Amino acid sequence: MTGGVLEFLFLLRVAHKESQGIAIAFPSKQTPSGSALVHVRLFAVDPKTLAVDRYGFLGTYRGSTWVNAMHFEGNRLIVGTNRYTATFPRFLTSEEPPIGVIFP
């Protein structure tokens, strides 16, 4: 593996909500270009079947976005990035976009 691949693997974030589901976030580039912005890909995974139930995306065009922390509070998924904090009201059970995006 190259250093870039290892660096991206260490940025993987996982949060779980009992047996209801797993949220996975990782950095992603749209192109292999060195100057391409990094965005965050989010997935909701069913823990019983490992099927992806939801796919999401976080990012800005003002610079690369990285996940610093991610956890569940009740049914809400809170995702803290280097650019903002996004709250998904029912990440595991709906396709609702994030609300309460707070910029530092």
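K17 is buried, with a relative accessible area of 10%; buried means under 20%, exposed over 50%, and partly exposed in between, with a 1.4 Å probe and protein chains only. The side chain of K17 meets that of E18 in a salt bridge, at 3.2 Å from N to O. A salt bridge here is a side-chain nitrogen of Lys or Arg within 4 Å of a carboxyl oxygen of Asp or Glu. The model is predicted: local features need pLDDT of at least 70, side-chain atom pairs count only at pLDDT 80 or more, and totals for chains, interfaces and linings use all residues. Residues are numbered from 1 along each chain as its sequence is written, and side-chain values use heavy atoms, with hydrogens and water left out.

E18, the partner of K17, is exposed at 59% relative accessible area. E18 lies in the loop between β1 (13–17) and β2 (21–29). Strands (E, at least two residues) and helices (H or I, at least four) are DSSP runs, numbered from the N terminus. The backbone of E18 has a positive phi of about 40°, although E18 is not a glycine. Most residues other than glycine have a negative phi. L50 also has a positive phi, of about 65°, and is not a glycine. L50 is found in the loop between β3 (38–45) and β4. With 62% relative accessibility, L50 counts as exposed.

The structure holds 3 salt bridges. Side chains of opposite charge can pair when their charged atoms come close. Besides K17 and E18, R76 and E73 meet through their side chains, at 3.1 Å from N to O. R76 is partly exposed at 38% relative accessibility. E73 is partly exposed at 37%. R90 pairs with E96, and their closest N and O atoms are 2.6 Å apart. R90 has a relative accessible area of 39% and is partly exposed. E96 is partly exposed too, at 26%.

The largest nonpolar core has 17 residues. Such a core is a set of buried Ala, Val, Leu, Ile, Met, Phe, Trp, Tyr and Cys residues joined through side-chain atoms within 4.5 Å. L42, L58, M70, L77, V79, F88 and F91 touch the most other members. At least two residues of this core come from each of β2, β3, β5, β6 (76–81) and β7 (85–88). L77 is in contact (heavy atoms within 4.5 Å) with A15, A23, M70, H71, F72, A86, T87, F88 and F91, leaving aside neighbours within four places in sequence.

T65 is placed in the loop between β4 (52–58) and β5 (67–73). T65 is buried, with a relative accessible area of 0%. Beyond its neighbours within four places in sequence, T65 contacts V38, H39, V40, L58, G59, T60, T81, N82, R83 and Y84.

At the surface, V52, Y55, F57 and Y61 form a nonpolar patch. Patches are made of residues with over 30% relative accessible area and no salt bridge; like charges are joined within 9 Å, and nonpolar side chains (Val, Leu, Ile, Met, Phe, Trp, Tyr) within 5 Å. Together the four residues V52, Y55, F57 and Y61 have about 470 Å² of accessible area, calculated by the Shrake-Rupley method with a 1.4 Å probe, where for residues only the protein chains shown count as cover. V52 is found in strand β4.
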